[in-house]
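Okay, thanks for coming, everyone.

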Amino acid sequence: MASSGAPVIRYINSPARHTMALHHVPGSDALPLLGATSGSTNFATVSYGCAVAWLSPVLLKLTDPELRDNPFEVVLSDRDQQWIDGAFAIGGSLGPVLACWIAQHKGPRMALLLSSVLYIVAWLLCMIVGSVALLIMARAVIGAANGYVLLAVTLYIGEIASDRYRGALGCFIQIGITLGILLVYCTGPFVSYLALQAICCGVPILFGTVFLYMPETPHFLVQRGHQQRAVETLMFLRGARQAAEVASELDEIREYVRRRDGDDGTPVRTIQHLKRLLTSVANRRALLMSLGLVMFQQGTGIDTIISNSEQLFVEADASLGPVYGTIVLGVLQFLSSCVTPWFIERTGRRPILLASSIGIALTLGLLGAYFVLKRHALRLAPVRWLPLTSLVGFVTLFNAGFGPVTWAIVMEIFAHELKPIGVMLCVIGSVVFDYGILRLVTVLITEAGFDWAFGTLACVCVAASAFCWKIVIETRNLNLLEIQQRLRGIKVVRL
């Protein structure tokens, strides 16, 4: 028997070893069908992106002293803006709890469908607002919808994804978010306040219509005793022509449901899952890794920059105006997020995270250096290109790395039976830390200046690279059972 301090090495004869996760079953139609299902699923996150970018064009309208496009007939004060930000964060903390409960009792598919209702209500509230108080309430509902949909999408993709495409499909979340951001950037400055709300409201309506035809996850169907429907869903997702091709996978799902519900068939309470999450060494390591990643992801200041990009271009006096500079950022965000799914399984997660965090730190440092020059009234004409170049590098590196890869890891790092509560804690941590960073940056800009704000964010990114180097494990080419073995300290070696 190995000593307690020696590493345990387990040899795997085949990379196709079955696990509790869904895996790839050969079929010529598997990838198109799985990709189409995942694509329609992640269309829900387009609304998430719209909600994040919404403040960028709207804030300029609501703070315009001439009140040219302001439904309140009063300029939005700094205190009102703080309430709007706070309501968004409070709603974002409550949304994941609701999504977790609905997903466990009604299924991930129904949970995702209901997200469209939340967004529609929120955007309708934004359309009919007659006071700042109603706008604050609307932002709270939008925040709840954002936290809700982020958890629901992660759970749904996690239960339909195969091991072969798990990382790539996890990156689809960021593609949907950046598409929503681009939509608002391209329309917000050129349409009225009411028209922008109508455009944003159309997104969840379209998603609900498309996703209505998507299947429930095989895990939930087995849990409810719908064995035949589970087989049909697996055959659809894997492109299988015969039930025998998915028989072994169905057995694994049955075992997963048995582990989740307990040996006696009694559902395990959430508090028991939380206890297991905190008492097991492997589960604690998964929670530390995932929470650390989502917090450092928000620590880059991405949402703060996205929500205030037009104002940032105005302050920087950049060579390209605020409207078109913001559109350039939106286009590059979307394009860079589309690149990651193609190479994440080739390069691995850790190299992408390390390169992305170091690159983001450099771009934020350059942006801070520009504002140092501006603070000391130095000649800026030769470097007016620097703000746009730095922001382009920032959004490109974030959306090609830290943005999508973080949620791909969160989706795969938890044991299946602990995934709902684990992802819920990650989403809540992301929302809370995002708000904390927003308040920190606001205070730094007010009290010290933009140079100190961006310098601080650059330091956070340096810490993020150290975290990825020391804490994050590589999960490339590992199925979910092997990931759990790595978390327990068992080194998996393929023969």
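Let's start with two phenylalanines, Phe371 and Phe450: both of them are buried. This is a predicted model, by the way. So how are Phe371 and Phe450 arranged? They make a stacked aromatic pair, with 4.9 Å from centre to centre and 20° between the planes. Now, Phe371 sits in helix α17, residues 349–375, while Phe450 belongs to helix α20, residues 450–470, so this pair ties together parts that are 79 residues apart in sequence.

Phe450 has another partner too: it forms a stacked aromatic pair with Phe454, at 6.4 Å centre to centre and again 20° between the planes. Those two both lie in α20, 4 residues apart, which is about one turn of the helix.

Why does Phe450 count as buried? Well, the cut-off is under 20% relative accessible area, and Phe450 comes in at 19%, so it counts as buried. Phe454 is buried as well, with 6%. Across the whole structure, a search turns up 9 aromatic pairs.

Elsewhere, Arg350 lies over the face of Trp469, 5.5 Å from the ring centre.

Then there's helix α3, residues 55–62: 7 of its 8 residues are buried, so the rest of the structure largely encloses it. Among the buried ones are Leu55, Pro57 and Leu62.

And how far do we trust this? The chain averages a pLDDT of 83, and 87% of the residues score at least 70. Residues 1–29, though, stay under 50.

How values were computed: Residues are numbered from 1 along each chain as its sequence is written. This is a predicted model: local features need pLDDT of at least 70, side-chain atom pairs count only at pLDDT 80 or more; totals for chains, interfaces and linings use all residues. Side-chain values use heavy atoms; hydrogens and water are left out. pLDDT is the predictor's confidence in each residue, from 0 to 100. Contact means heavy atoms within 4.5 Å. Buried means under 20% relative accessible area, exposed over 50%, partly exposed in between (1.4 Å probe, protein chains only). Rings of Phe, Tyr and Trp (its six-membered ring) pair if their centres lie within 6.5 Å; planes under 30 degrees apart count as stacked, over 60 as edge-to-face and the rest as tilted. A charge sits over a ring if NZ of Lys or CZ of Arg is within 6 Å of the ring centre and within 35 degrees of the ring normal.
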